[in-house]
Amino acid sequence: MSSRSTVILGTGSYAPERIVTNDDLAHMVETSDEWIRTRTGIRERRIAAPTETTSDMAVHAARNALADAGVAAQDIDLLIVATLTPDMPMPATACLVQPKLGVPTTAACFDVAAACSGFVYALDTACAMVGSGRYRKALVIGVEKLSAVIDWQDRTTCVLFGDGAGAVVVGASDQPDCGLLGTKLGTFGDGADLLYISHGGSLFPSTPESIVARNHCIRMKGKEVFKLAVRAMDEAARDILEQHHVRADQISLVIPHQANLRIIEAISEYLELPMERFFVNVDRYGNTSAASIPIALDEARRAGRIKPGDLTLLVAFGAGLTYGSALIRW
Ligand code: UT7
């Protein structure tokens, strides 16, 4: 793959202040704390203030990652934002983050749209660009303000999602066999109709009627998505382990996309790797889509669960339907 090793120099995350519990949601739709906890593992989620934007949250997480890495914003020459909830359709959220952070005007700034797999896609892109030697330091941000596209009257989706941001700084290293060792990305485009936002794009521009029908909100066929998520994440994990001749028990920590505790438990069972080797924070944040893996990665590092020399496996799944895994040696 890349000509130079690409390493994660620092991580950061940000969660909005407001906590919405399952009981809070039970006042809004016909649901219960018991149903949400037993079906998903979620206890609460963070919801951004109405005036707090996706780019604002991205900036908070990015500042934390830059501070952790000891890298100045002025030294970033590549800025990639993974999100399905950009501030607006145009320009890219990365372009709005750039001046807020003080990233130079000579930096390449763009968004990646791969839904919940977005961070793994963006990390792979950044590592390829830095690994090629044409860029020196990249900032990769996964961020979502899903509260803006949730149908708060649909109990089958509104209990699942939350807002937040996570970021990493990527740089090159001369040390072989470290950093991003490889990725496995894929897509089941035939399943695009299982998880989508139908209106607000060029196929169905928003109309007064579509807004009333809340067609600008997330719709999901949960059961079908659940089954494909387990299959795809298991395969993505197995493929990359095989490719790199690594046994599952050599992985010290798996950082899976945080959509549903039951999905994570199923993958733990299939990989025959105990749940202690999986980082879980879905109970506190719900599903934050592209932000879920970088938030979990940052929390895992801060909790001392990643040590030099460790092998970490990231594994994601989302609308598209996209999936991806990444193997990292620290
Ligand atoms: O991040 C991208 C990937 N996304 C995912 O991976 C999500 C994958 N899907 C899931 O996590 C699960 O399918 C859900 C959590 C969304 C749903 O869990 P489920 O066990 O598949 O439940 P279900 O959709 O089969 O619904 C079971 C019952 C239904 O009632 P009936 O038809 O059995 O009478 C639903 O109407 O639960 C009902 N229900 C609820 N009840 C209380 C659905 N949502 C709720 C709710 N509160 N919030």
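Tutor: Contact here means heavy atoms within 4.5 Å. The model is a predicted one, and its chain is divided into domain 1 (5-176) and domain 2 (180-329). By that cut-off, 51 residues of domain 1 are in contact with 45 residues of domain 2.

Student: What is the area buried between domain 1 and domain 2, and what share do carbon and sulfur atoms give?

Tutor: The buried area is about 3700 Å², with 60% given by carbon and sulfur atoms. In domain 1, the residues that lose the most area to domain 2 are Cys-116, Val-120 and Tyr-121, together 17% of what that side buries.

Student: Why is the pairing of Arg-214 and Asp-151 called a salt bridge?

Tutor: The rule asks for a side-chain nitrogen of Lys or Arg within 4 Å of a carboxyl oxygen of Asp or Glu. The side chains of Arg-214 and Asp-151 meet at 2.7 Å, N to O, and therefore the pair qualifies.

Student: How many salt bridges and polar contacts does the rule find across the interface of domain 1 and domain 2?

Tutor: Across this interface there are 4 salt bridges, and 27 residue pairs are in polar contact, both residues being at pLDDT 80 or more.

Student: Which elements supply the side of domain 1 that touches domain 2?

Tutor: At least two residues each come from several elements, including β1 (5-14), α3 (54-69) and α5 (118-131). The largest share, 7 residues, comes from β1. That side of domain 1 divides into 23 nonpolar, 17 polar and 11 charged residues.

Technical notes: Residues are numbered from 1 along each chain as its sequence is written. This is a predicted model: local features need pLDDT of at least 70, side-chain atom pairs count only at pLDDT 80 or more; totals for chains, interfaces and linings use all residues. Side-chain values use heavy atoms; hydrogens and water are left out. Domain bounds come from an automatic or database domain assignment. Buried area is the accessible area (1.4 Å probe) that two parts lose on being put together, summed over both. A polar contact is a pair of N or O atoms within 3.5 Å; within protein, one must be able to donate a hydrogen and the other to accept it, and residues adjacent in sequence count only if both atoms are side-chain atoms. Helices (H or I, at least four residues) and strands (E, at least two) are DSSP runs, numbered from the N terminus. Ala, Val, Leu, Ile, Met, Phe, Trp, Tyr, Cys and Pro count as nonpolar, Asp, Glu, Lys and Arg as charged, and the others, Gly among them, as polar.
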